[in-house]
Amino acid sequence: MFDDLTPGFIVQHYNYWMVIVLMMIGLYIVVSRGNLVKKIVGLNLFQTAVFMLYISMGKIIGGTAPILTGNPDEVYSNPLPHVLILTAIVVGVATTALGLALIVRIRERYGTIEEDEIADIEQEIDRRESA
């Protein structure tokens, strides 16, 4: 099963290893941090890893842009993953901006952007309302 994990195999597929590392770092930041801005940064790292994965899968070694040249032996790279990632980048920027705007509103409302402190404030408000 692990016979293919030679140093050459690992070096040849370094982009996939970087995707895995970035995904795990992003996931760790989202799960372990209570600061909402740090969570947004973690989500952006995870998102960047997904972008890299799709772009890596869409590239063919020796492939060119899909422009017909009349050469039947020409190898083409698939442009669809790259186009989809351009759209995903725009959506990612928009969702990041929305997340940061929500964090600003949360800061105005609660005076903090720490998850634990917001939960404590909410519990205190609920206790006051129930009493």
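1. Does Glu124 count as buried, partly exposed or exposed? The model considered in this note is a predicted one. In it, Glu124 has a relative accessibility of 32% and therefore counts as partly exposed, since that class lies between the under 20% of buried residues and the over 50% of exposed ones.

2. Glu124 takes part in a salt bridge with Arg127, with an N to O distance of 3.5 Å between the side chains. Both residues belong to helix H5, where a spacing of 3 residues places them about one helical turn apart. Through salt bridges with shared partners, Glu124, Arg127 and Arg128 are joined into one network.

3. The count of salt bridges in the model comes to 4. One of them pairs Lys39 with Glu115, at 3.6 Å from N to O. Lys39 is classed as buried because its relative accessible area is 14%, a value under the 20% limit. Glu115, at 38% relative accessibility, counts as partly exposed.

4. A further salt bridge is formed by Arg105 and Glu108, whose closest N and O atoms are 2.8 Å apart. Both residues lie in helix H4, with a separation of 3 residues, or about one turn of the helix. Arg105 and Glu108 are both exposed.

5. On helix packing, helix H3 (residues 36–58) and helix H4 (residues 80–110) meet at an angle of about 180 degrees, and their axes are 10 Å apart. H3 and H4 are therefore roughly antiparallel to each other, as angles over 145 degrees are classed in this way. Residues of H3 that make the contact include Leu36, Val37, Ile40, Phe51 and Tyr54; among those of H4 are Pro81, Ile85, Ile89, Leu100 and Ile103. Glycines also take part, including Gly58 of H3 and both Gly92 and Gly99 of H4.

6. The surface carries a nonpolar patch formed by Ile10, Trp17, Ile20, Met24, Leu27, Val31 and Phe46. Together these residues have about 630 Å² of accessible area. Helix H2 (residues 14–32) gives the most to this patch, with 5 residues. Val31, a member of the patch, lies in helix H2. Its relative accessibility is 65%, so Val31 counts as exposed, the limit for that class being over 50%.

Terms used
Residues numbered from 1 in each chain as written. Predicted model: local features only at pLDDT ≥ 70, side-chain atom pairs only at ≥ 80, totals over all residues. Heavy atoms only, no water. Patch = residues over 30% accessible without salt bridge, like charges linked within 9 Å, V, L, I, M, F, W, Y side chains within 5 Å. Areas by Shrake-Rupley, 256 points an atom, 1.4 Å probe, with all protein chains shown as cover. Helix = DSSP H or I, 4+ residues; strand = E, 2+ residues; numbered from the N terminus. Buried < 20%, exposed > 50% of the residue type's maximum accessible area, 1.4 Å probe, protein only. Axes fitted to C-alpha atoms, helices over the stretch in contact; angles between N-to-C directions. Parallel < 35°, antiparallel > 145°, perpendicular 65-115°, else oblique. Contact = heavy atoms within 4.5 Å.
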